[in-house]
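This briefing goes through one protein chain topic by topic. Please keep the sequence and the coordinates in view while reading.

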Amino acid sequence: MPKDKVALVTGVSRGIGRAVVLALAAAGARIVAVGRNREGTESLVEELKAQGTEALAIVADVSQADDVERVFSEATAAFGRIDILVNNAGINRDGLLLRMKEEDWDAVLDVNLKGAFLCTRAAAKIMSKQRYGRIINISSVVGQMGNAGQANYCASKAGLFGLTKSNARELARRNVTVNAVAPGFIVTEMTDSLPEKVKEELLGQIPMERFGTAEDVAAAVAFLAAEQTGYITGQILGVNGGMYM
Ligand code: NAD
């Protein structure tokens with residue numbers, strides 16, 4: 001990846017987002033780190049600066065249109081361009097369908113799907129003018145398979161596939177690619193809270209017999225973010241140890 005590329009990643013304070021930022025920085029990108037958690041976002045940027053990477057921290061909630069507008073104006077004021085957008089910010093509010101509250105449905109769809117839409121719309125304007133861009137949406141294997149107790153989360157992650165493919169078609173002629181990465185079960189704070197019995201059952205469904213790491217996902221993102229992969233668009237790249245094929 002050439003040194004001048006600017007990557008904007010959302011949900012960076014921990015887990016997959018943090019690993020994605022570190023992988024893109026290692027590949028030579030300048031970083032705009034967007035997170036809701038001030039401490040985690042700012043400390044990551046300090047870490048990047050200490051290792052010589054140009055980086056900017058922006059505290060924002062991706063589900064809020066005003067916040068997203070501010071993110072993109074601050075990012076372009078600092079760096080003048082945005083080459084890579086990784087829509088990683090995501091939440092879950094699990095519960096069985098019959099007990100799922102409307103506010104839990106709305107909260108998950110607002111962050112996971114609307115947040116990606118708002119960021120993509122803002123980034124697409126800049127990338128179209130540049131005639132260059134890479135947009136990567138972090139979805140999930142459960143968006144492909146479904147999962148009991150996660151109707152809201154799975155709907156949001158399946159929605160990202162429609163967003164990915166439609167935007168890929170719209171932006172292709174501007175040399176902007178749009179792809180999705182669908183991680184399987186990855187060891188992060190989001191999955192730490194699962195009961196041991198559930199973890200065991202899940203492992204039984206994974207041909208590789210291990211959970212993934214945030215670095216496994218980051219490597220797939222870095223691949224799709226590279227200049228050399230510019231003929232890949234509208235695709236879903238699974239990072240799931242063979243759990244879903
Ligand atoms: P995580 O909870 O550890 O990290 C999520 C990050 O997003 C946090 O830094 C959080 O502060 C941030 N965030 C949440 N809401 C936000 C908002 N409104 N605005 C800005 N930032 C916000 O989760 P993770 O496991 O690292 O997951 C990252 C992404 O990968 C999510 O989209 C998740 O759905 C997806 N994913 C995770 C797994 C897994 O097994 N961990 C599997 C498939 C997909």
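Not counting residues up to four places away in sequence, V68 touches D61, V62, L118, C119 and A122, where contact means heavy atoms within 4.5 Å. V68 lies in helix α3, which covers residues 65–79, and V68 is buried, with a relative accessible area of 4%; buried stands for under 20% relative accessible area, exposed for over 50% and partly exposed for what lies in between, with a 1.4 Å probe and protein chains only. This is a predicted model, in which local features need pLDDT of at least 70 and side-chain atom pairs count only at pLDDT 80 or more, while totals for chains, interfaces and linings use all residues. Residues are numbered from 1 along each chain as its sequence is written, and side-chain values use heavy atoms, with hydrogens and water left out.

**Overall fold**

- The protein has nine helices and seven strands, which are DSSP runs numbered from the N terminus (helices H or I of at least four residues, strands E of at least two).
- The radius of gyration is 17 Å, close to the 18 Å that the globule rule gives for 245 residues, so the protein is as compact as a globular protein of that length; the radius is taken over C-alpha atoms, and the rule is 2.2 Å times the number of residues to the power 0.38.
- The C-alpha trace spans about 50 × 35 × 35 Å along its principal axes, and 49% of the 245 residues count as buried.
- Of the contacts between residues at least 6 apart in sequence, 71% join residues at least 24 apart.

**Nonpolar cores**

- A nonpolar core is a set of buried Ala, Val, Leu, Ile, Met, Phe, Trp, Tyr and Cys residues joined through side-chain atoms within 4.5 Å; in the largest one, of 38 residues, L8, V32, F72 and L85 touch the most other members.
- Leaving out residues up to four places away in sequence, F72 touches L8, I82, L85, C119, A122, A123 and I126.

**Loop residues**

- R131, in the loop between α4 and β5 (133–138), has a phi near 60°, a positive value in a residue other than glycine, and R131 is partly exposed at a relative accessible area of 46%.
- E209, in the loop between α8 (196–203) and α9 (214–225), has a phi near 55°, again a positive value in a residue other than glycine, and E209 is exposed, with a relative accessible area of 67%.
- V187 is found in the loop between β6 and α7 (189–192), counts as partly exposed at 49% relative accessibility, and is in contact with D192, F211 and G212 once its neighbours within four places in sequence are left aside.

**Separations in sequence and space**

- V187 and G15 are 172 residues apart in sequence and 8.2 Å apart in space, C-alpha to C-alpha.
- V68 and D104, by C-alpha positions, are 22 Å apart in space and 36 residues apart in sequence.
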